[in-house]
Amino acid sequence: MDRVYNFAPGPSMLPLPVLEKVQKDLLCYGSTGMSVMEMSHRSRMYLDIFEKTVADLREVMGIPEGYKVMFLQGGATAMFSAVPLNLMDGGKADYVDSGNFAHNALVEAQKYGEVVVAGSSREDGYSYIPDYTLSPDAKYVHITTNNTIYGTRWDHIPETNGVPLVADMSSNILSEVYDVSKFGVIYAGAQKNVAPAGVVILVIREDLLGHELPITPKVMSFKKMADADSMLNTPNCFGIYVAGLTFQWIKAQGGVAALEKVNIEKAKLLYDFLDESRLFKGTARAKDRSRMNVTFVTGDAEKDAAFVKAAAAQGLVNLKGHRIVGGMRASIYNAMPIEGVQALVAFMKDFEARNK
Ligand SMILES: Cc1ncc(COP(=O)(O)O)c(C=O)c1O
């Protein structure tokens with residue numbers, strides 16, 4: 001069966017060489033005589049995979065000394081629930097409300113302390129990254145670097161003047177170069193740019209460990225997880241192994257900087273077309289446009305539905321926008337080849353010509 005161009009927001013496309021390697025290793029990994037799925041997480045053969053995966057993430061992300069890297073479970077939702085438990089420490093926290101998940105994160109934090117909404121674009125349908133004012137005495141500042149549903153992206157890293165910056169990078173991790181030293185915490189669910197769902201990456205500056213509230217469940221304690229090297233309980237061994245293959249693939253592509261160039265090119269192809277189209281219109285403010293999730297509409301819900309259906313018939317699948325916003329969304333993560341975006345633009349042109 002032919003593979004399609006899958007524009008899903010997550011779980012989403014994985015690089016073909018990664019899937020091929022998984023397929024090759026599935027029954028018997030190297031000379032171990034077993035699948036990675038069947039290995040004990042305490043075995044030397046699995047620890048070799050785990051340690052290489054951590055080292056490769058450090059390399060591709062440029063993670064400096066003094067940061068702990070973890071691969072945990074529960075997705076980004078578990079992480080934004082754990083952040084206030086681990087960092088609020090009886091104080092207050094600034095949250096920039098730039099999208100649905102940013103909002104979910106701040107609602108979760110309200111359970112544990114004072115949340116200051118430092119800026120919000122909620123009233124405007126989250127179509128841009130809001131201006132914000134930060135509190136000098138906050139315990140941390142939380143941002144979402146890419147808003148998956150609304151198709152917006154921070155075009156800068158906020159200056160927090162020493163207050164730890166916490167970033168949900170679920171939908172743009174490893175798609176562009178970030179200076180990790182500017183962040184206190186970075187977390188990202190794996191199911192967009194890294195691996196199948198069920199793994200979440202946590203990168204944390206070591207001095208931020210050990211401040212959790214006493215009620216923190218031990219599987220949500222960053223310190224306890226760090227001390228146990230992500231293995232306080234059984235991790236998602238197979239998902240972590242696939243993440244490791246993706247990191248090797250990223251290295252083979254020339255690293256994150258090389259992927260970033262291609263990602264800029266892919267996004268530009270789509271946005272340039274949207275800007276000249278008389279049928280389709282981008283929904284995010286131009287300055288804040290995401291390179292990973294391109295959101296657009298025709299302005300007519302029936303036409304949108306017809307477009308999504310006709311595109312799927314051509315092997316361009318999962319273009320329907322999120323149920324909250326409707327319209328269309330093309331998620332073009334690292335694994336989406338430029339040919340997929342070219343095929344989409346060609347199809348959109350054709351659809352427009354037929355639907356004047
Ligand atoms: C930016 C962002 N944060 C958080 C989440 C929630 O992630 P999870 O389903 O891994 O909990 C998502 C899911 O799409 C997301 O895009």
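**Entry 1: the nonpolar core**

I began with the largest nonpolar core, which has 95 residues. Val200, Ile201 and Leu202 are the residues with the most contacts inside this core. I then looked up which element gives the most to the core and found helix H6 (residues 237-252), with nine residues. Domain 1 (16-252) and domain 2 (255-354) both give residues to the core, so I place the core between them. I note that the model is a predicted one.

I followed one of these residues further. Leaving out residues up to four places away in sequence, I found Ile201 touching Phe71, Ile173, Tyr187, Ala188, Ala190 and Val194. As general background, I recorded that nonpolar side chains tend to be buried together in soluble globular proteins.

**Entry 2: the two domains**

I next looked up the domain assignment, which gives domain 1 (16-252) and domain 2 (255-354) for the protein chain. The C-alpha centres of the two domains lie 27 Å apart. For the contact, I found 24 residues taken from domain 1 and 24 residues from domain 2. On the side of domain 1 that touches domain 2, strand S6 (146-147), strand S7 (152-153) and H6 each supply at least two residues. Sorted by class, this side of domain 1 has eight nonpolar, eleven polar and five charged residues.

**Entry 3: strand S5**

I turned to strand S5 (residues 140-144). Five of its five residues are buried, so I describe S5 as largely enclosed by the rest of the structure. Tyr140, His142 and Thr144 point one way from the strand, while Val141 and Ile143 point the other way, and all are buried.

I then checked the strands that pair with S5. Strand S3 (residues 92-97) pairs with S5 in the parallel sense over three bridges, and Asp94 has Val141 as its bridge partner in S5. Strand S8 (residues 165-168) also pairs with S5 in the parallel sense, over four bridges. The bridge partner of Val141 in S8 is Leu165.

**Entry 4: the ligand**

Last, I looked up the residues around the ligand. I listed Gly10, Gly75, Ala76, Thr77, Phe101, Thr144, Thr148, Asp168, Ser170, Ser171 and Gly189. Helix H3 (residues 75-87) contributes the largest share of this shell, three residues. By class, the shell has two nonpolar, eight polar and one charged residues. I noted that Thr144, one of the shell residues, is buried in S5.

Note on methods. Residues numbered from 1 in each chain as written. Predicted model: local features only at pLDDT ≥ 70, side-chain atom pairs only at ≥ 80, totals over all residues. Near = placed C-beta within 6 Å. Nonpolar A, V, L, I, M, F, W, Y, C, P; charged D, E, K, R; others polar. Core = buried A, V, L, I, M, F, W, Y, C linked by C-beta atoms within 7 Å. Buried ≥ 20, exposed ≤ 12 C-beta atoms within 10 Å, placed from the backbone. Domains from an automatic or database assignment. Contact = placed C-beta atoms within 7 Å. Pairing = 2+ DSSP bridges.
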